[in-house]
Amino acid sequence: MDFFVKHWKVNRSGTLMMLAFQLGLFLMGVVMVLGINIFLNDDRDCAAIGGMMALMGTIFGGLVRGGITGGSRYRMAVSMGWPRLAYILVDPLLTVMNCIVGVAFAAVLNQLEVWLYGVIYPGWEVELNVFAVMPWWAYPAIVLGIALLDFLFGALLLRFGPKGFAAVWFPLCFLPLVIGNSVDAAREGGASLLAQLGRGIVFVIGLLSPTMWAAVGAALVLVLLVLSVQCYRRAEVRV
């Protein structure tokens, strides 16, 4: 408990920084919607973009808490004499708490945005409200997913440094786009290399049932967690 309180005090500014970042994204989204309605949109129906952008700001608050990555927070904690195991247990918990605050704040801003449009545009209809369409289980999934990524990315930074992290991060950013486009090209019957890749992906997906793929994913996450814990416990920290 003592380590938890000390670690929270050191990182407490991260929550305020995340809330400020979310508020900025929210205002940017609202200004964008108002600008579109003034210059482009005739029917005044619009999406709650501000609330959605505020929710995206939670990712910033989880992965770069206080502007500091997980690897940097780890080095700071260990160099101050704090036990490695205590960091492994406490830091993810603080990330979860931080993300819960971020999601709740985004939900409040989303309701404020919907109310604001109702005042400015009487009788308007919302075209997209992320908080209205997300199921209840999406909220804990977002929080736990961000905490998991923060933990794994911190270990990756400790083991391979910024260059190694970039070598993994950038391909992961483009992977969903490549998979989606390749599958679409395969369904259209194309003969390109992208279409052939899509056929291969469809074939591999068809080898297992959704339940079995979920088990494979869970096993992969467990392996990554074990490897990450080993990285944290063995990482060299110079004082």
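The largest cavity has a volume of about 30 Å³, where a cavity is a set of points, on a 1 Å grid over the protein atoms alone, at which a 1.4 Å probe fits but cannot get out, and a volume is the space filled by probe spheres set on the points, which are joined across faces, edges and corners. This is a predicted model, in which local features need pLDDT of at least 70 and side-chain atom pairs count only at pLDDT 80 or more, while totals for chains, interfaces and linings use all residues. Residues are numbered from 1 along each chain as its sequence is written, and side-chain values use heavy atoms, with hydrogens and water left out.

**Cavity**

- A search of the whole structure finds 1 cavity of 30 Å³ or more.
- Its lining (residues with an atom within 4 Å of a point) consists of Gly70, Arg73, Tyr87, Asp91, Pro92, Thr95, Ala147, Asp150, Phe151 and Tyr232.
- Two or more of the residues lining the largest cavity come from each of α4 (70-79), α5 (84-120) and α7, helices being DSSP runs of H or I with at least four residues, numbered from the N terminus.
- The most is given by α5, with 4 residues of the lining of the largest cavity.
- By class, the lining of the largest cavity has 5 nonpolar, 2 polar and 3 charged residues, where Ala, Val, Leu, Ile, Met, Phe, Trp, Tyr, Cys and Pro count as nonpolar, Asp, Glu, Lys and Arg as charged, and the others, Gly among them, as polar.

**Pocket**

- The largest pocket (an open set of points with protein on both sides within 12 Å along at least five of seven lines) holds about 490 Å³ of space.
- Of the 17 residues that line the largest pocket, Leu152, Phe153, Leu220, Leu224 and Ser228 lie nearest its centre.
- Helix α7 (138-187) supplies the largest share of this lining, 10 residues, and α9 (210-234) also supplies at least two.
- The lining of the largest pocket has 14 nonpolar, 2 polar and 1 charged residues.

**Surface patch**

- Trp169, Phe170, Phe174, Leu177, Val178, Leu194 and Leu197 make a nonpolar surface patch of about 650 Å², in which residues with over 30% relative accessible area and no salt bridge are joined when their nonpolar side chains lie within 5 Å.
- The nonpolar patch draws two or more residues from each of α7 and α8 (193-206), and α7 gives the most, with 5 residues.
- Leu197, found in helix α8, counts as partly exposed because its relative accessibility is 41%, which falls between buried (under 20%) and exposed (over 50%), with a 1.4 Å probe and protein chains only.

Key
Patches are made of residues with over 30% relative accessible area and no salt bridge: like charges are joined within 9 Å, nonpolar side chains (Val, Leu, Ile, Met, Phe, Trp, Tyr) within 5 Å. Accessible areas come from the Shrake-Rupley method with a 1.4 Å probe; for residues, only the protein chains shown count as cover. A salt bridge is a side-chain nitrogen of Lys or Arg within 4 Å of a carboxyl oxygen of Asp or Glu.
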